[in-house]
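Here are some notes for reading the model alongside its sequence.

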Amino acid sequence: MKPTCTILGAAVIVMLFPAARASAEEPLKVGLVAEFSGPFAGYGKQIHNGIKAYMKQHGDTVAGRKVEIILKDTTGPSPEIAKRLAQDLVTQDKVDFLAGFGLTPNALAVAPLATQAKTPMIVMNAASSIITSKSPYIARFSMTLPQVTAPIAQWSAKNGIKKVYSIVSDYAPGIDAETAFNKAFTPQGGEVIGSVRVPLKNPDFAPFVQRAKDAKPDAVFIFVPAGEQGIAFVKAFTERGLRQAGIKLIGPGDVVDDDVLEAMGDPTLGIITTHHYSAAHEGPENTAFKKAYAEANGNGSRPNFMAVAGYDGMAAIYEVARKLGGKLDADKAMAVLKGLKLQSPRGPIHIDAETRDIVQTVYVRRVERTKGGLYNVEFDKFPDVKDPGK
Amino acid sequence: MLSSLPGVLFDGIAYGSLLFIMSIGLSVTMGLMNFINLAHGSFAMLGGYVCAVGMARLGIPFLATLPLAFLAAAAVGAVLERSLYRHLYRRSPLDQVLFSLGLTLMSVAAGTWVFGSGQQPVHLPAFLLGQVRIFGIDLGVYRLFLIAIVGLITAALVLSLRRTRFGARIRASVDDAQTSAGLGINVGRVFSITFVLGSGLGGLGGALAIDVLGLDPTFPLKYLVYFLLVVVVGGAGSIAGTLTASLLLGLFDVAGKYYVPAIGAFVIYGLMVVLLLLFPGGLRWGAR
Amino acid sequence: MSWRPAEIFFWIACLAVFFVFPLHLVLASQVVITGLFALSLDLVLGYAGIVSLGHAAMFGSGAYAAGLFAKHGWGEPISGLIVGAAAGAAIAYATSFIALRGGDLTRLMVTLGIGLMLYEAANQMASITGGVDGLSEIEMRDLLGLFPFDLGGRTAYGYSLVVLFGVFCVSRRIVRSPFGLSLRGIRDCARRMSALGSPVRRRLIAIYTISGAIAGLAGALLSQTTQFVGLEVLSFSRSADLLIMVVLGGAGWLYGGLIGAAVFMIAQSLLSGMNPVYWQFWLGLLLILAVFFSPGGIGGTAVALRQRWFGRPT
């Protein structure tokens, strides 16, 4: 057995050796943990596309180090896979940043790891308020659900919508949205006359929409995960004749996600939502972003709010690298991130120094048919919205 | 809430009809050949994609895509039955489950690769959209259409089973394959033709279902549970049983979601467990 | 208890993973945990002939029980294991009365239905289980007071391996005992067994409960080593993947579940990294080929090959 032990021991040392070499010219590694397959495949894809757009525009080197993105697929809401992938990224690849996180459970599972391994974690989509409180090394560049939901309640109350029927998917973000809407709507004089929580994997919204119709509200408040559920819901809403009955459809922008808006078609016309990013937003940063996005990912592809979060997250990573001269230290990185101000394609954003969460402008938009297709056209806004959930 | 009852009943019957047409092929296959074909959803998905692609890329009107969906699924069913399925009729249920699960996974992967993982939108012709007011209730036109089509197909199935010679052969083979073979019925051919028909009906169901259930490559896995539910509760091989089970499950699912949405999702599984405990062999009764 | 040389080699190889793949211990510990879960299904499927598509119900119950136990009380690992096993056994026992009725297909559907209902229930009770967001902030105390759960997964792997070995030895005893033999009789022909006076139903309930305990144990291990419980521990895909693993490895052979789990998870980890669509496609193709060319899975094929080459009966 002895020779075998020596050989095994030697093998171990050989394997560990590369890790012992650390030099400043080493690439800046960003571990992207997100969904690239399964029903949420669009999430990881958009985030990655946003990152590619940023790197196309600003090059792939910062502070003398080449930026390397390592992709890891969580395949869906699978916290154990997400945690394992993050562990691999931290121990084997020795990444400088953990980024991505399209879904809340995956982000929550990885949070303690960010603390244990002292690696900054840049959240680029997951939207539950509690995420940033789970580790001092988390900074979020996407949004929180209460942050984008409260404004629609405020806008509706000011614009003649008094009675609302609420339909949300029965899972934590849905319940968050329902609570956030209630909290912001009722003090303004509005009344939620009924509410229903729909199973998460629900194929057919007809009975729920019918219930809403029978209650005769001024508007229906809807929150379902972006993509398939949004399509199914809008179809049921149109089919049941709620629009003809004069009932409006309001909610946070997830239901009219830019990624699927065109495919959803005309039934979406007139839907009023509040969100932090619309591909139709007017501004030089957005124009440049869309151009870089199309160059990096193929003409005709449209960025959505997940892509812009990926873009801004990368911008932050580059900023940290620049400010620290390429020598990354987790605590110093967090110090740079706290209070960081960026002019994003979505508008001005900054990271709250205490909560490390994003503060941004939330726009009120309506789905309209423009020359380029169906878009969420902004017509009002609420600047500097903090996450009310904290 | 009673005023909403007729609307809920109507929706439940429409949903049940859809379940029936998607599952009847599976029921007959399982009852006739004792073959647990979990890949049945793949045939439905194929029919759905034929419909969606036909309309979006080839400009074929919706109603015309329906027979195409049927034929495409039937054709693929014929090929697979000849080459693969028929070698497994005598194998254990576990082998059949694994084989059909493998086939399902391959079809899902193929669907993702060819069509992408997103939803396929389908835009129904204008005359199938909207609602009509009958006896003071708003009824969805498309759901009326669904009920009508399924009614026609059920009638056709029942008539052909009772009145035609082929139907008699099927009934005989379901009752007792050995004796039927002994009487000179080509049981192998009956199996093949039934499988092909069943797959075709599944494909038709898939095309009809797009507007109600959506269409993406994970369709076969997502709705597998519902098909199996209907077949097992109704009793494989029994048309009346499958119809009853579909309608019951459709009604309870819709009613559950409407009246008690908090536990709406439970209702259908709870009902299944209860029915299976009471009728372990399924609800089979009456005509085959 | 006679151990064949191949078996001894197998367990030494498991130990060697510590040295040969020190950077992959996290994946290795999850393979071991899944192997334990597969063992529980193998006991009922391969030895007693119960086809279950809802085993995740017991796994998930154990995971949540251990997770909640550590979060709200007592982070000591071993007691958490006992709680998890008890939860799994309780669920199995309670549902055995309905799950074991009827024929193969009915059992398949009923176990499936129970699994789905439990999933919905856990989602509904989000205030306790965390719902879709999952149960986080589970802090585990050091194992035996000596080994903290480290980032590299070393403690996790050692811990899971020891538990697996222990349960394996117990299972070996069970299947070689008269009780185990009677189960095989029941699998092959239940009617004859009850004609022989064997209490068929009681035996089946017993093995189903034992299997539930082992599944719960595996679930508890998962929550302790990952310090997280997600809703998908109760999902249908977990049960379905497990069935595939057991049959691929070879049902009716204790190593079948372990080898099936190892092959499945390692292949998935490698292939998913390359292209996730490929994984599904090749897995499907593999299943079809396995059904046609090697019924009895890897174990069955190995036995058949051995007979052909060495002419030795098993």
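**Notes on the predicted model**

1. Of the 390 residues in chain A, 61% are buried. The model is a predicted one, and every value in these notes is computed from it.

2. Chain A is built from 12 helices and 15 strands.

3. The overall dimensions of chain A can be given in two ways. Along the principal axes, its C-alpha atoms fill a box of roughly 80 × 50 × 40 Å. The radius of gyration of chain A is 22 Å, which agrees with a compact globule, because a globule of 390 residues would have a value near 21 Å.

4. Next, the interface of chain A with chain B. The contact involves 22 residues from chain A and 26 residues from chain B. On the chain A side, two or more residues each come from helix H2 (41-58), strand E8 (191-198), helix H7 (206-214), helix H8 (228-239) and helix H9 (258-264) of chain A. H7(A) gives the most to this side, with six residues. By class, the side of chain A that touches chain B has 12 nonpolar, four polar and six charged residues.

5. Chain A also meets chain C: 30 residues of chain A are in contact with 26 residues of chain C. On the chain C side, at least two residues each are supplied by helix H1 (5-20), helix H2 (25-47), helix H10 (200-226) and helix H13 (276-293) of chain C. H2(C) gives the most to this side, with three residues. The side of chain C that touches chain A divides into 13 nonpolar, 11 polar and two charged residues.

6. Two helices within chain B show how packing is described. In general, two packed helices are described by the angle between their axes and the distance between the axes. For helix H1 (residues 5-33) and helix H9 (residues 219-234) of chain B, the axes come within 9 Å and cross at roughly 60°. H1(B) and H9(B) are therefore oblique to each other. Their crossing is right-handed.

7. Which residues in H1(B) and H9(B) meet? From H1(B) they are Leu19(B), Met22(B), Ser23(B), Leu26(B), Ser27(B) and Met30(B). From H9(B) they are Tyr226(B), Phe227(B), Val230(B), Val231(B) and Gly234(B). The residues of this contact of H1(B) with H9(B) comprise eight nonpolar, three polar and no charged.

Terms used. Residues are numbered from 1 along each chain as its sequence is written. Chains are lettered from A and ligands numbered from 1 in the order in which they are written. This is a predicted model: local features need pLDDT of at least 70, side-chain atom pairs count only at pLDDT 80 or more; totals for chains, interfaces and linings use all residues. Two residues are in contact if their C-beta atoms, placed from the backbone, lie within 7 Å. Helices (H or I, at least four residues) and strands (E, at least two) are DSSP runs, numbered from the N terminus. Ala, Val, Leu, Ile, Met, Phe, Trp, Tyr, Cys and Pro count as nonpolar, Asp, Glu, Lys and Arg as charged, and the others, Gly among them, as polar. The radius of gyration is taken over C-alpha atoms; the globule rule is 2.2 Å times the number of residues to the power 0.38. A residue is buried if 20 or more other C-beta atoms lie within 10 Å of its own, exposed if 12 or fewer, and partly exposed in between; C-beta atoms are placed from the backbone. Axes are lines fitted to C-alpha atoms, for helices over the stretch in contact, and angles run from 0 to 180 degrees between N-to-C directions. Angles under 35 degrees count as roughly parallel, over 145 as roughly antiparallel, 65 to 115 as roughly perpendicular and the rest as oblique. A crossing is left-handed if the near helix is turned anticlockwise from the far one by less than a right angle, and right-handed if clockwise.
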